[in-house]
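Open the model in your viewer and keep the selection tool ready. The stops below say what to pick and what is there.

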Amino acid sequence: LKRTLLLVDSRHGVKPVDVEMMKMLDEAAVGYRIVLTKADKIKASELAKVHAATIAEARKHPAAFPEVHVTSSEKGMGIEELRAAVLGDAEL
């Protein structure tokens, strides 16, 4: 396992269960990318706040990749960037 993806619903932001998972991955030394999902379901201003808060939380965790991906499967937003990042990880 080279890296995993931690999916976080952007309507709710990082929840305690997500922080618990981050700590577990940190302790196991498994790198992970945080992916905010359902970005089309909230206002752009709220999304910006959730994105900033998620980046701040990711910085507290040594195994978290510093970039937080923002996606919407319904609108296709961020999907190509996420695919490229995952493929880039596969080459590591």
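Select T71, which sits in the loop between strand 3 and helix 3 (79-90); helices (H or I, at least four residues) and strands (E, at least two) are DSSP runs, numbered from the N terminus. This is a predicted model, in which local features need pLDDT of at least 70 and side-chain atom pairs count only at pLDDT 80 or more, while totals for chains, interfaces and linings use all residues. Residues are numbered from 1 along each chain as its sequence is written, and side-chain values use heavy atoms, with hydrogens and water left out.

Is T71 buried or exposed? T71 has a relative accessible area of 5%, so it counts as buried (buried is under 20% relative accessible area, exposed over 50%, partly exposed in between, with a 1.4 Å probe and protein chains only). Now show what T71 touches, leaving out residues up to four places away in sequence: V35, L36, T37, K38, A39, M77, G78, I79 and L82. Contact here means heavy atoms within 4.5 Å.

From that list, go to K38, in the loop between strand 2 and helix 2. K38 is not a glycine, yet its phi is positive, near 55°. Its relative accessibility is 38%, so K38 is partly exposed.

Next, select A29 in the loop between helix 1 and strand 2. A29 also has a positive phi, about 60°, without being a glycine. With a relative accessible area of 67%, A29 is exposed.

Finally, zoom out to the whole chain. From the N terminus on, the elements run β-α-β-α-β-α, giving three helices and three strands. Buried residues make up 40% of the 92 residues. Among contacts between residues at least 6 apart in sequence, 71% join residues at least 24 apart. Along the principal axes, the C-alpha atoms fill a box of roughly 35 × 30 × 15 Å.
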